[in-house]
Amino acid sequence: MHASLTLGCGPDCDVMFEGVGILPRHCVLYRTGERAFQIIGVYAAAQFSVNGVISSELEVETPFKFGIGGEVFEVDVAEGEAEVPLRDGAELETGLGAEGATAGLRPSRRGYLLKPITLKPRAGQRVGAVILESSPPPENEVPMPAQAATPPALTVEAMVETPLPADENEEEGESSKLLLAGLLVCGAMIAGIFYWPHHLDQLSAAKPEVVLPPVVVPALVPEATVRACQDLLQVGAPQLAAQVLMPLAETGNVAAMHQLALALRASGQFGEEVVFLLQRVVEGGRREALRDFVSVVDDEENPARYAEGAFKQLQMAAKLGETSAWMPLGERYEYGNGTAPDIKLALAAFEKARVAGDKRAEVKLSAKSAAMDRAAAYVRSWNEVSVATQLDHVAAGQGKFFTLDHPPMEVLLRQEEEMRARWPLRRISVMAGAQAEVETFDLIKVTQPFQFEVQRAERIARGKGVLVCTVQRDVEGHWRITDASDKIDVSELLPTTEQFVSAESLRELRPAFTHAEQVEESRLEILEQMHGLDATEDFKPALTVLMNAMYEFPKETFWLPFADKLCDRMARQLFMSGKWLDAGWAEQVHQFAEHGSVSAMLLEGHLYAAGYGCERHAARSVALYQKAYEAGKRRDAGFYYAEALFQGRGVPPDIDKAGALVLAFMSRSKHPLEAYLAAHLMWRKAEHDPALWQDVYDVLSRVANQFPPAKNLAGMVLLNHGQTTKERRTGFAAIKAAAEDGVVEAMKSLSQCYLEGVGCEKDLHQATFWKQKAMVTEPPRRRHYTEFEE
């Protein structure tokens, strides 16, 4: 049990056959039971038939008919006959046919298992290796009887040794030199392989055995056979070509081995025999096979594609002059497949592949030029006014950029803005001699020389420098600089060297300013940060610059107007949003207030009044308003101080003092907040002197269209103190307009008017509506003094 026999035409097989299409190791016969066997083809192209069924793997029980090489043999387990030793100590005995003849061990290739073979031909006339359909015999010829005595069977050995008549040999020898004859013989062999075994039993049952004269298949010229099989490959018959080429390849014909490998590769799945055959062909000196050899070694279906053996095979092909081997060799060097990674050898291989015209190598090598182009474009971008293009060149946060270590993008852009502000005029250009060091084809270190000329007023600096940067390909395929540093060599400083601060980097090169120039530089920097302040809520950069200027120039006051503007903008944001964005800003505002900024004093007073960034402290708030008013006598400071005194926030109400601050000039003001406060103070006096109601109305009417609360207050004056019905109706209309603008006090007054019919007809429904609306409406936000100055 579980013994095996190897069948084929090779000398190391247990059973040797001769015939068309039989491989050196064709198939293996395994014994799996008492009378059960399994037959498996060694290669995909190794086919055989069992009981007329063609396959490359079958299970069968004896007796059965086994077809191989165009012939069919009866196989059975013999009983009481000679034994044939098998592998693993098993024994298989074979009995053949009804006669019970057995095959013992003898030198003949067919003597191990098989009995002498009797050919059962088709009716017809044989011309060379082709059977032509028979025609009726001539009248003077006696036709063959239907049944004749069976002559002695012809063995295969006898068939091969028996020659044809001389005239036929001569005729066939001439035809074998022609390619057409070769194709005809190929067709005959295929018919024998596929048609003859399949129908052998049916023909033998239908007709009596007829023994034909022995026939010898004429040998084709090898070159003609190879050319014929090339044609078969071109028309899509690789299996047919493989069957024809196998016998010739077994003789060592390198051309046949070459075409056989191509036929096997085109027949189906990848097999190691394809690589083996092509390597034998290449080693045999057939240079035409080199490109095919490289193709199968680097085939995606080759399981050993990235093994060390495949690498050595590619090396061999390259040494023999095959240019197509350089591209896969470069990939092996790049990724370390079958060899140690070596980027320099990979570059050399890709360069040779590019010279040979391989487009894939051009793509690989383009990485180097793309990285160098990115570095050059980055240097040229230093001339641009805007820093926005930096986003196209750099990937911030990954490495060190000049003096900054892993900077976020906003910090990196600020550094670029500072260089542009320091040197308004820049002429920077790249120089020849750029170099690239490839670490991987996605990570390249570039060295880019450049020359520069920067200027600020009369100061001019000229020189050369070198940028060293790492350029990396991102996931989207774009090249970005991930770290950069430069070193400059200054050749000329005008007008004098003393007017510059020496530096080794272009971004560290700066003018040596006098005190006046430093003040101007600081002022320009403040202006830059204050630009567009009204459109942003990020006050931190401007706060930082102003704080630096305040501490750097303690005896200077040039920064104060900027600090006042910034604090007013921050106060307006506080009034509009009702929230303070950063508690840390309160301390910086306090420092400005301590150094004399009136707007900072007012803003700090607002923060104490609301409790933002500090604890709520109404008295401290009023004290800051008073300090601000006394420091600069500014009208906005006087307004906030008088409002606090009038309302009594943090201090006892003081109407007289508030009136003294306000009425002298605010009663004629067109500023809505000032006029509204002045009207309230005058209202108190008009209650004791009715002649003043007209003055109150005049003050309010100047700002009523700008400030809805003033419109409501003006309507109340007319409604309560108007002399005519028209004035009262006008007052009612003003109150209604203020209510529609969202003034809660006006809604309450309007509801009372509808309820009592003051200035209008009574309307309980409208009275209820406006009363309910007043209950659910949020009071309008406070308006900052500076909102009405625009």
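## Surroundings of Leu 347

Leaving aside neighbours within four places in sequence, Leu 347 is in contact (heavy atoms within 4.5 Å) with Leu 365, Val 438 and Phe 441. Leu 347 belongs to helix α12, residues 343-355; helices are DSSP runs of H or I with at least four residues, numbered from the N terminus. Between Leu 347 and Gly 330 the C-alpha to C-alpha distance is 6.9 Å, at a sequence separation of 17 residues.

## Basis of the model

The model is predicted: local features need pLDDT of at least 70 and side-chain atom pairs count only at pLDDT 80 or more, while totals for chains, interfaces and linings use all residues. Residues are numbered from 1 along each chain as its sequence is written, and side-chain values use heavy atoms, with hydrogens and water left out.

## Packing of α22 and α23

The axes of α22 (residues 635-647) and α23 (residues 655-662) come within 8 Å and cross at roughly 155°; axes are lines fitted to C-alpha atoms over the stretch in contact, with angles from 0 to 180 degrees between N-to-C directions. The two helices are therefore roughly antiparallel, a term for angles over 145 degrees.

From α22, Tyr 641, Ala 642, Leu 645 and Phe 646 meet Ile 655, Lys 657, Ala 658, Leu 661 and Val 662 of α23. This contact has eight nonpolar residues, no polar ones and one charged residue; Ala, Val, Leu, Ile, Met, Phe, Trp, Tyr, Cys and Pro count as nonpolar, Asp, Glu, Lys and Arg as charged, and the others, Gly among them, as polar.

## Asp 299

Asp 299 lies in the loop between α9 (290-297) and α10 (308-319). Asp 299 is buried, with a relative accessible area of 17%, where buried means under 20% with a 1.4 Å probe and protein chains only.

Notes: Buried means under 20% relative accessible area, exposed over 50%, partly exposed in between (1.4 Å probe, protein chains only). Angles under 35 degrees count as roughly parallel, over 145 as roughly antiparallel, 65 to 115 as roughly perpendicular and the rest as oblique.
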